[in-house]
Amino acid sequence: MATNGTSLRRSCQGCVKVKRRCDLLFPECTRCLKKGVRCQYVNIPLSTQSSSAATENRVTKSTHHARSSADHQVASIANNGNDIIVLRVTGSYSSAKCSNYFSLSIPPSMEMEIRKARTPDIIHMVASIVQQAPVLFAQGHSPFIHPCLYGKILPRPIREMRDLCNLCLADGRLSSAKLYQLLQRHTLSLLQSAQKAANFEELLACVQGLVLAQCIQLTNDNMSDQSLNKLNDIIVHLSRKLWSEVPQELPSTMTPWRAWMFAESVRRTIIYSHIAGAAHSLRTLGYACRTPFVDALPFDSRTWLWEVKSEDQWTRLNSNVNLPMVSLYEYTTFLEFGEAQAYSNFEGVIVATCRGKELPIRDPTTVIEAF
């Protein structure tokens, strides 16, 4: 029964499941906020009550209780114009042997999220680009693993995921139960290997393999939202660990081109792990989540250099252009206002996720040939 302009068909899935009345606040209703569970709407609610006014100063009374939760707990929520700023607490991630994602956890910490609803066209665009990442990797065009990074001898995590990506390339979608079980087994193996990584290179390969698995999972209807949420949180935690353990100095034997390729692969891996998580959030909740950590990541705005496949050509091009390192937030601002150009779907999906804009993609060879 509908009352006060509230329609049950627009209630969140949690309230419908327990047959409770939903107050239709977006992005999270009051009941889900208090319970500390993800609030999922099939349709964005159209309520006579003002969501922004009602959510502006909602703060739970017990942050300590939220910290002790095993999963997401919202500590506070505020409205800042069109952005919803949320403080939440993540669970913990142990290195114990496990048989599924739910026995894994991450260290408890406060996390600030900036949530922004997107249009259906942008949601479809982001999901489509992220789902293409495994196929592009199998074809040698990964947006975050440079094809020259590892040479002919791939690390085990990358080699195993390449085989799965080749299966995705052959089948189009990872739909069979056999492939799904194979992916689950490899994902759990990668999670355990990441915890036992002996050096930064091993950790990087594990995280890159997990990001590929994360992208493949988005194409599979057998994967539950709860499992994907858990996997996304663990990968975000590992990406932060990756950033905190970046070597301060690289070997002197490493050429400038290989040093740039290595550093850019690290940055892009971290960024893409958050983009893949945002794609899942957009599909299930209708909004994307950004964090100050991701916004502040250094970004090389010469994105067309990623397409260069030889050291001689890279050296020539690099010597003719200054190194314009900016934060990811600054770069998306440049893209949005036409001060930078998108040369691949990598930049396209970044600005779509962070700014809700769809930009034309320029051919990078036009820039490379200009030099």
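**A tour around helix 10**

Start with helix 10, which is mostly covered: 26 of its 30 residues are buried (buried means under 20% relative accessible area, exposed over 50%, partly exposed in between, with a 1.4 Å probe and protein chains only). Helices are DSSP runs of H or I, at least four residues, numbered from the N terminus. This is a predicted model: local features need pLDDT of at least 70, side-chain atom pairs pLDDT 80 or more, while totals for chains, interfaces and linings use all residues. Residues are numbered from 1 along each chain, and side-chain values use heavy atoms, without hydrogens and water.

Select 256–285, the residues of helix 10. From first C-alpha to last, helix 10 reaches 43 Å, close to the expected 44 Å (1.5 Å times one less than the number of residues). Step just past the end of helix 10: glycine 286 has a positive phi of about 90 degrees.

Show side chains at the contact (heavy atoms within 4.5 Å). Helix 5 brings residues including Ile123, Val130 and Gln131; helix 10 brings, among them, Tyr272, Leu282 and Arg283.

Last stop: lysine 19, in the loop between helix 1 (13–17) and helix 2 (30–35). Lysine 19 is not a glycine, yet has a positive phi of about 60 degrees. Lysine 19 is exposed, at 78% relative accessible area.

Methods
Axes fitted to C-alpha atoms, helices over the stretch in contact; angles between N-to-C directions. Helix = DSSP H or I, 4+ residues; strand = E, 2+ residues; numbered from the N terminus.
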